[in-house]
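Me: Can you walk me through this one? I'd like to start with the strands and then move on to the ligand.

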Amino acid sequence: MNILLTGGAGFIGSHLVRRLLDRPEHQVINFDALRYSGNLANLESVQQHPRYRFVQGDICDQPLVESVIRDHQIDGVINCAAETHVDRSILDPGSFARTDVVGTGVLLEAARQAGVRRFLQVSTDEVYGSVETGTSSETDRLAPRSPYSASKAGGELLALSYWTTYQFPVVVTRGSNTYGSHQYPEKFIPLFVTNAIDAQLLPLYGDGRQCRDWLAVEDHCAGIEHAFLHGEPGTAYNIGGGNERENLTVAEMILDSLGQSKSLLRYVSDRPGHDRRYAVDCSRLRELGWKPVVSFADGLRETVRWYHEHESWWRPIKSGEFKRYYEEQYRRRLEEGTACGS
Ligand code: TYD
């Protein structure tokens, strides 16, 4: 299959590129705008691969999207391209609506016009909003609460409408919080790991008791691939790791594994509209034959080890544009924050 994978230079996308190239039947065309979190260094190992091509572009660029789909005779599309960080969506909501809703619409329409046989929209469990108790299943009402999750909900609803309206075979995945190597260090786990390596403070939002279901990137990519190949058109599939942990617990695990002191923890002012908890019921995708295999203890240990051994990957990122973002987002909050136990 000739697969157009958008956002393939990002965190989940680059893991998915490598996974798909491991199957001899796939040709992968990676279409990525290379904005702040897209990084071709994530793909060094496959750059010369005979079944891999890279095209730089934005999913909102309709003529370019149309020509890539036509020129490469694309059979299937996996849309991983997205603005993904909740905190940035609070600073700049417009760019989330543009990429995650309008861009998805451009891609859907170009794929439909070209007669593409399969379209997978990578979405998120955040579309369900904050779930105080129990787990979200795919038939639950969507109740997104941040500009990020609302934009992702818009994109996936547009995708599902293409099945209802045009019988265009769309599948949606709703993955939970993902972690692993090559994740841009603005997200919780890589930020805390890289800060801890440098003995810098770790900013815990609010009371640090928010809960996320942590999913290893390898398990997430296996779920995306499985839903892409075997999912029912017009259907959404939850993908979760089954590893619910409070942020404080994860932060302590990171400090322990690096031999750092808990005195690095700082409680800082909370994110506006912070979702307390996400938790998904994955039985629909399990019934289709997928299951997560990475335990959180092993996955986190491997992730910490990767960041420890790949400083040349993350140090240039943290000293560039990221530094300005970090100052704006954290400097004041850290000055006003409180230490753990005080
Ligand atoms: P994040 O990685 O931003 O994912 P999401 O908000 O999409 O779930 O954050 C994961 C959790 O960690 C979330 O509850 C917010 C919290 N968090 C902090 O406490 N401090 C931080 O500096 C960051 C980035 C996140």
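Reply: Look at strand β5, residues 118-124, and strand β6, residues 170-175. They pair in the parallel sense, over six bridges. Keep in mind that this is a predicted model.

Me: Which residue in β6 does Val-122 stand opposite?

Reply: Thr-173.

Me: Which helix packs on the sheet there, touching β5 and β6?

Reply: Helix α5, residues 147-166. It touches β11 as well. The direction of α5 makes about 155 degrees with that of β5.

Me: How many strands form that open sheet, and in what order?

Reply: Seven strands. The order is β3-β2-β1-β4-β5-β6-β11, and the pairing is parallel.

Me: What holds strands of a sheet together in general?

Reply: They pair through backbone hydrogen bonds, and the pairing can be parallel or antiparallel.

Me: Back to the seven strands. Which ones are the edge strands?

Reply: β3 (52-56) and β11 (235-239). Each of these pairs on one side only.

Me: How many degrees does the twist average?

Reply: It averages 20 degrees from one strand to the next.

Me: Where does helix α2 lie?

Reply: Helix α2, residues 62-71, lies across β1 (2-6), β2 (27-32) and β3. It runs at about 170 degrees to β2.

Me: New topic. What is the order in the open sheet with three strands?

Reply: It goes β8-β13-β14, and the pairing is mixed. The edge strands are β8 and β14 (338-339), each pairing on one side only.

Me: Do β13 and β14 run parallel or antiparallel?

Reply: Antiparallel. Two bridges join β13, residues 265-268, to β14. Tyr-267 has Thr-338 in β14 as its bridge partner.

Me: Which helix packs on this sheet?

Reply: Helix α12, residues 321-336. It touches β8, β13 and β14. Its direction makes about 85 degrees with that of β8.

Me: Okay, the ligand. Which residues come nearest?

Reply: There are 19 residues around the ligand. Glu-126, Pro-203, Arg-212, Arg-271 and Tyr-330 come nearest.

Me: How do the residues of that shell divide?

Reply: Nine are nonpolar, five polar and five charged. Helix α6 (188-197) and strand β8 (202-205) each supply at least two residues of the shell.

Me: What lies 2.7 Å from an oxygen atom of the ligand?

Reply: A polar side-chain atom of His-274. Asn-247 has a side-chain N or O atom 2.9 Å from a ligand oxygen. For Tyr-205, a backbone N or O atom lies 2.8 Å from an oxygen atom of the ligand.

Me: What percentage of the ligand's exposed area does the protein bury?

Reply: 98%. Taken alone, the ligand exposes 510 Å².

Note on methods. Residues are numbered from 1 along each chain as its sequence is written. This is a predicted model: local features need pLDDT of at least 70, side-chain atom pairs count only at pLDDT 80 or more; totals for chains, interfaces and linings use all residues. Side-chain values use heavy atoms; hydrogens and water are left out. A residue is near a molecule or strand if one of its heavy atoms lies within 4 Å of it. A polar contact is a pair of N or O atoms within 3.5 Å; within protein, one must be able to donate a hydrogen and the other to accept it, and residues adjacent in sequence count only if both atoms are side-chain atoms. Accessible areas come from the Shrake-Rupley method with a 1.4 Å probe; for residues, only the protein chains shown count as cover. Helices (H or I, at least four residues) and strands (E, at least two) are DSSP runs, numbered from the N terminus. Ala, Val, Leu, Ile, Met, Phe, Trp, Tyr, Cys and Pro count as nonpolar, Asp, Glu, Lys and Arg as charged, and the others, Gly among them, as polar. Two strands pair if DSSP finds at least two bridges between them. Axes are lines fitted to C-alpha atoms, for helices over the stretch in contact, and angles run from 0 to 180 degrees between N-to-C directions. Contact means heavy atoms within 4.5 Å.
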